[in-house]
Structure formats: structure tokens, C-alpha cells
Amino acid sequence: MASVVYPAIVERAGSGFSVFFPDLPGCTSAGETLQDAVLNAEQALAGHLLVTVRHNEEVSDPSHLDDIERDPEIDEVARVLVRAEKPGKAVRINITLDEGLVAAIDRRASNRSGFLAEAARRALADA
């Protein structure tokens, strides 16, 4: 996976903040504090990129932060760069697992590969 960095705009939203990505329509996040909103933007970006790739849609390239025009209609608080891993093409692998573990996965998830991939992402994020 390759790292990508997208510009995001943070705006006031009631008593909190919302974040949107000019290059990725529909990719938004929010938070009660500025910090929460930006941290949530990381998850929103990662999820948006993953869904886009899973639907075989093209992921647009990020703009340069300085090239994004200001909108006077937006109560802009900050502009930030948000990093995520751009998902790559799925690769088939052969693994061996204990049959009890496979049965437990099957009870929990309808898609073994998706379940294992998500578990690996979480484990790597915690590392």
C-alpha cells in the first residue's frame, strides 16, 4: 500500500466541527473538538478510499493544499493534510488456520477475507 495525503477543510458546525475533503465528494467527518474532528477525518479518509477501491472506482489524486480556493460561505477553521494508506489490488493467498478458528470467523463474518484483512489492519495500526 502506498501512503497518500489529502487536503481537508475543517469548518464550524454548531457546537462542534466538521471536516470535508475537496477532492473526495461525500468523504466527511465531524467531532466535538477540533482534534476529534481531525482524528475522525483519518478514519473517514481510510474508509472512503477502501470503499472506492472495492467498487473498482478510480481514486482521484490529491490537490495541493495551496491550490484550493477559499469559499466565503464556509466558516473555515483550519486546513489540514490527512494521511491514509491507498488500498492496492487484492492478492489471493493461501493460509492455514485452526479449524476452530475458521468456524469462529464464519460465525462472525460473511466474508473471511474481509474479516482477516480488517483484523490485520487493526493489529498493524496498534503496532
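Arg122 counts as exposed, at 55% relative accessibility; here exposed means over 50% relative accessible area, buried means under 20%, and partly exposed lies in between (1.4 Å probe, protein chains only). Arg122 forms a salt bridge with Glu118, a term for a side-chain nitrogen of Lys or Arg within 4 Å of a carboxyl oxygen of Asp or Glu. Side chains of opposite charge can pair when their charged atoms come close. Glu118 is partly exposed, at 30% relative accessibility. Both residues belong to helix 3 (residues 112-126), and because they are 4 residues apart there, about one helical turn separates them. Helices (H or I, at least four residues) and strands (E, at least two) are DSSP runs, numbered from the N terminus.

The model is predicted: local features need pLDDT of at least 70 and side-chain atom pairs count only at pLDDT 80 or more, whereas totals for chains, interfaces and linings use all residues. Residues are numbered from 1 along each chain as its sequence is written, and side-chain values use heavy atoms, with hydrogens and water left out.

**Salt bridges**

A search of the whole structure finds 5 salt bridges. The table gives the closest N and O atoms for pairs including Arg122 and Glu118.

| Pair | Closest N and O distance |
|---|---|
| Arg12 and Asp75 | 3.7 Å |
| Arg112 and Asp106 | 2.7 Å |
| Arg122 and Glu118 | 3.3 Å |

In the salt bridge of Arg112 with Asp106, Arg112 is partly exposed with a relative accessible area of 44%. Asp106 is partly exposed as well, with a value of 34%. Elsewhere, a network of salt bridges links Arg70, Glu76 and Arg79.

Leaving aside residues up to four places away in sequence, Leu50 touches Pro87 and Arg121, where contact means heavy atoms within 4.5 Å. Tyr6 is 44 residues from Leu50 along the chain, and the C-alpha atoms of the two residues are separated by 15 Å.
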